[in-house]
Amino acid sequence: MPDVQDAIARATSALDALARAGEAVEDEWQYVTDLHAVWRARLVQVATARGTASVEPGVLEAVERASVELEAIEDPHRAIDWLSTYPQIVLLALGETG
Amino acid sequence: MRFQDASRDARAVVYAGVQADPTVARAAQLLAAATTGQRLLARAAMNGQSDDPAAWRVMFPTLFGPRAEAAESERSEAVLTAALDVAGRGEHARSLYRGAIVEALTERLLAQRVQPAAVHRERRILFDGVRSEIHPYDVTVELPDRAEAYDCKWGARGINAEVLLQLDLARRNAELEGARLVTALVVFDSRRSCRVRLARQTPTPGVRLVALESLDALAGGKPAVPGALAGADPGRPS
């Protein structure tokens, strides 16, 4: 049975890759770094709090599909926008607030 | 303090065409009644890669899954359709449409709190002895005893020093004239991301922030402090 840690592990991995893509916009390097750190911490916080609790049906699929969606992004400007959007999708699927 | 329609340059004329597109009004209408989750869906799909609605339904199980209420699922479908319509217009156009939608949404929500006739778009604010600003405000509320000025942004990345300074200066100029002007940034992005952006800016405590989660405060009941927006955050990092 998939648990919250499984979902967050997939999400943080995708978020890390997204941040690397966003860093290509040099003028926004600081913002990308800050945004990545803050959202990553929020995801880890959820994993720490809920750990091995099983997730509702559909949650892992949601995280996987959203991860695939953002992994298709090549434009670094769009990647920056998704750096904010993606963690919120994950948190919403998990029933958490942003 | 007085208000004036912004003069129309070539860019404004083009943008006015986008603002007048029924797609914008339709999206704003849907988003005004939407939940925060549905607004997030719109934000994601309007800037996504996939144009397959099924993919988005998988990404948002709380909106489309078996536990979602029928009426809410229906609205989620309508929001998704509208968002994908915008996304399908190409990179440049979708950027213009997203901005116009946030402005139209702001206007619509404000018109639920004050007389619709008091809500205006693309207005300059003039003060005696002060050179007028370059950029008009996206949305204003103009009442006899107080006014509100809003700058609307699609994402937290749109927050910058120039925008904050203009809003803050307007508020301070109004204060010098003894007028009451609430200034705020409306950002169609999460509060957390906005705070990250604001943390590196010079604090402007007089400028309020209305983020994705608190959009309904624009339409909300009586504010606790006259002129202030209930539920809105001050424009500075916490």
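Reply: Start with pLDDT, the predictor's confidence in each residue, which runs from 0 to 100. Helices (H or I, at least four residues) and strands (E, at least two) are DSSP runs, numbered from the N terminus. This is a predicted model: local features need pLDDT of at least 70, side-chain atom pairs count only at pLDDT 80 or more, and totals for chains, interfaces and linings use all residues. Residues are numbered from 1 along each chain as its sequence is written, while chains are lettered from A and ligands numbered from 1 in the order in which they are written.

Me: OK, where is confidence lowest and highest in chain B?

Reply: Strand S7(B), residues 233–234, is lowest, with a mean of 55. Helix H4(B), residues 53–59, is highest, at 98. For chain B the mean is 90, and 92% of its residues reach 70 or more. Residues 221–231 of chain B fall below 50. That stretch still has 20 contacts in the model beyond near neighbours in sequence. Two residues are in contact if their C-beta atoms, placed from the backbone, lie within 7 Å.

Me: And what scores does the complex get?

Reply: The predictor gives an ipTM of 0.96 and a pTM of 0.93.

Me: How many residues of chain A are in contact with chain B?

Reply: 25 residues of chain A touch 27 residues of chain B. On the chain A side, H2 (29–50), H3 (59–71) and H4 (76–93) each supply at least two residues. H4(A) gives the most, with 9 residues.

Me: What residue classes are on that side of chain A?

Reply: There are 12 nonpolar, 6 polar and 7 charged residues. Here Ala, Val, Leu, Ile, Met, Phe, Trp, Tyr, Cys and Pro count as nonpolar, Asp, Glu, Lys and Arg as charged, and the others, Gly among them, as polar.

Me: At what angle do H2(A) and H9(B) pack?

Reply: About 140°, with their axes 10 Å apart. Axes are lines fitted to C-alpha atoms, for helices over the stretch in contact, and angles run from 0 to 180 degrees between N-to-C directions. H2(A) and H9(B) are therefore oblique to each other. Under 35 degrees is roughly parallel, over 145 roughly antiparallel, 65 to 115 roughly perpendicular, and the rest oblique.

Me: Which residues meet there?

Reply: A:Tyr31, A:Asp34, A:Leu35, A:Val38 and A:Arg42 from H2(A) meet B:Arg192, B:Ser193, B:Val196 and B:Arg197 from H9(B). By class, that is 4 nonpolar, 1 polar and 4 charged.

Me: Back inside chain B. How do H1(B) and H7(B) cross?

Reply: H1(B), residues 10–19, and H7(B), residues 91–110, come within 9 Å and cross at roughly 70°. That makes H1(B) roughly perpendicular to H7(B). B:Tyr15, B:Val18 and B:Gln19 of H1(B) make the contact with B:Leu96, B:Tyr97 and B:Ala100 of H7(B). This contact has 5 nonpolar, 1 polar and no charged residues.

Me: What about H2(B) and H7(B)?

Reply: Their axes come within 8 Å and cross at roughly 50°. H2(B) and H7(B) are therefore oblique to each other. Among the contact residues are B:Ala28 of H2(B) and B:Ala104 of H7(B). The classes are 12 nonpolar, 2 polar and 1 charged.

Me: How many residues of H3(B) are buried?

Reply: 9 of 11, over residues 36–46. Their cover includes H4 of chain A and, from chain B, H2 (22–32), H4, H5 (61–64), H6 (70–87) and H7.

Me: Last one: is B:Arg131 buried or exposed?

Reply: B:Arg131 counts as exposed, with 7 C-beta neighbours inside 10 Å. B:Arg131 lies in the loop between S2 and S3 (137–142) of chain B. B:Glu122, in strand S2(B), is partly exposed, with 19 other C-beta atoms within 10 Å. Phi of B:Glu122 is near 50°, a positive value in a residue other than glycine.

Key:
Buried ≥ 20, exposed ≤ 12 C-beta atoms within 10 Å, placed from the backbone.
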